[in-house]
Every structure is written in C-alpha cells, then in structure tokens.
Amino acid sequence: MEPGNNTQSSELFLLGFSEDIELQPLIFGLFLCMYLITVLGNLLIILVIISDSHLHTPMYFFLSNLSFVDICFISTTIPKMLQNIENKSKVITYEGCIVQVYFCIFLAGLDDFLLTVMAYDRFVAICHPLHYTVVMNPRLCELLVLVSWMVSAMHSLLQSLMALQLTFCTKVEIPQFFCELNQMVQLACSNTFLNDMVMYLASVLLAGGPFAGILYSYSKIVSSIRRISSTQGKFKAFSTCASHLSIVFLFYCMSLGVYLSSAATHSSHSSAIASVMYTVVTPMLNPFIYSLRNNDIKRALKRLWIRKVDCNVTGRFSIAQGAIAPNSALFKGQIFLYV
C-alpha cells in the first residue's frame, strides 16, 4: 500500500463476507445459530464435567478449560459482527480492533497449548499407565494450565503492542469479519518488517513447537498401542485418544488453511471463509465430537439426565403428598368423631 496521509485512524471498516444487502439476514441468522450452538454446547460440557465426580480427572479438567476458551474465542468475534449487521454498519473503533486482536491471539494460542497439554496427558496415560496418577497430579495439571495462560497472554500482549505502532492510511478496510493481525499488518502504511519477523518467529515457536510436541506424543502412543496384544485392548486405548485427535486435526488444518489461502490467493472472500473455519466451526464442533465419540461423556450426560428426571418426579410427588396429607388428617378426624 502506498503511503499517503499516514494517520493513527480512529475507525476501521470490517468488510465481512458480502456487500449484498439481501444476504445480510441469512448471514445474521446463520452465525447467530452457530454462536448459540457453540456457547450452549461448550457450557453443557463444562456443566457435565463439574457435576459428575467420575469426570474429575486430568483429561476432563483440561477439556473443561478448552470448552471455556472456545466460548470466549467465539464471543470475541461473532457478537461484533452480528451487531454490525444489525446496525447496517461496518465500523469498528481502532481501540476495539486492538482489543479484538489481543483476545484472538491470546485465545487461539491458549487453544494450541491446551491441545498440547491434553496430548501429553494421553501420552502419560497410555505409555506410562502405572505412573499416571503420580505424574498427572492436581498440582501439575494446574501448573500446566497456568503456564499456558501466562505464555499466551504475554505473546498476545507483545503482538498487540507492536500493532499499536502501525500507522494506516486515511480509510482502512479489513477484508474480514474481525480484526485479524495479519490483515492489519498488510494494510499498514508504515514499515512492517519487525511485525512480520515477530509474527513468523512466534508462529514457529508457539505454533510449531506445540504441534511438534503433539506429533511426538502420538508417535509414542501409536508405538505403545501396537505393542498391545489384544484387539480389544488396542481399540480401548485408541478410543481414549480419538476425540482429542479429531480436535487437533480440525484446529491445525483450519488454521493452516487460513494462512495458505491468504498466501496463495489475494481473494478476501476465500480468506474470510477460511477464518470462519477455525474461529467458528472448530469451537462449534468440539462439543459434538466429545459427546458423540467419548463414552465417558455419554454416560455422564445420561446420569445428569436421569438425576434431572428423578428430581422432577420427586418434586411432583412431594407436592402431591403435601396436597393429600391435610385431607388424610381431616378424613381420620372425621372417622374418630364418628366412632
């Protein structure tokens, strides 16, 4: 972009998916449904894990954190997009854009670290089952989550502070439905060499590093599963990893798709579609994958449903007893007087 009237623009414009006015109600309804499904589905996962003592294990402790992060992740982008569609506006303030950049980087990085921690948990459970309870003790689990939060927060703070140094031309149009750092850097009028270097270095260390850790963990897991003699034992060991492996595949494939599409083509439409896949679709699918492919979650959901039904039945029975009891006493009194 040619540097013209360089300024710290107070307003930016999110172009979204389409300029067609007739499509806006459809886009609004579609993304509202996806947002509600994601929030309610992940809240249900958290509720089930908290309420069922059988799920108070390291694996589900990490899963509840992942579900909470997914709720926050989708809440960073979709409500603003829905508000803009409702108000027929594409404007976002510069401060709002920087805040959105901060939380998007923070929560995406946190997703990445939590998936790595969950892979390590599966590695210890399958490769060192006798030492699992000793190694994955509550203190270590809390420490792993705390470190993940701290590293993600510091990384996103660094990127956000560097984004504050960028200067833009008079009108900044971001071809996305949210403020994506990569798009902001491309649209800046100032020198972005340092921003590019920090982004690439962070991608290698904070995305490539955890991904390498996940690959290493699963290479050891596959090696251990192959040594199991019984077919049933192999299936049981693999089933404990299937849900997590599906989430890892989705997250990394969608994230990689975003950057490949933006690098290979200059189409804003394809880039926006790719961004939807990892910011909206992946968090939405997580509860379905864990509820449909995980037997522990299925059993916990059944127990939660049974408890709810029992409470309703007990409550109605108690109300009925309260209504009958006075009549019974009156009936006994009438008999006594009659006698």
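This is a short tour of helix H2 and the two helices H3 and H5 in a predicted model.

**Stop 1: the length of H2.** Select residues 58-87, the 30 residues of helix H2. At 1.5 Å a residue, H2 should span 44 Å, and its end C-alpha atoms are 44 Å apart, so the two values agree.

**Stop 2: the bend.** Now select Ser75, where H2 bends by about 35°.

**Stop 3: the end of H2.** Move on to Lys88, which follows H2. The phi of Lys88 is positive, near 55°.

**Stop 4: the surroundings.** Of its 30 residues, 21 are buried, so H2 is largely enclosed by the rest of the structure.

Two packed helices are described by the angle between their axes and the distance between the axes.

**Stop 5: H2 and H3.** Select residues 94-127, which form helix H3. The axes of H2 and H3 come within 9 Å and cross at roughly 160°. An angle over 145 degrees counts as roughly antiparallel, so that is how H2 runs relative to H3. The crossing of H2 past H3 is left-handed. Residues of this contact comprise 17 nonpolar, four polar and five charged.

**Stop 6: H2 and H5.** Finish with residues 138-164, helix H5. H2 and H5 pack at an angle of about 25°, and their axes are 10 Å apart. That makes H2 roughly parallel to H5. Here H2 passes H5 in a right-handed crossing.

Conventions
Residues numbered from 1 in each chain as written. Predicted model: local features only at pLDDT ≥ 70, side-chain atom pairs only at ≥ 80, totals over all residues. Heavy atoms only, no water. Helix = DSSP H or I, 4+ residues; strand = E, 2+ residues; numbered from the N terminus. Expected span 1.5 Å × (residues − 1). Bend = angle between axes of the 7 residues up to and from the residue. Buried < 20%, exposed > 50% of the residue type's maximum accessible area, 1.4 Å probe, protein only. Axes fitted to C-alpha atoms, helices over the stretch in contact; angles between N-to-C directions. Parallel < 35°, antiparallel > 145°, perpendicular 65-115°, else oblique. Left-handed = near helix turned anticlockwise from the far one by under 90°. Nonpolar A, V, L, I, M, F, W, Y, C, P; charged D, E, K, R; others polar.
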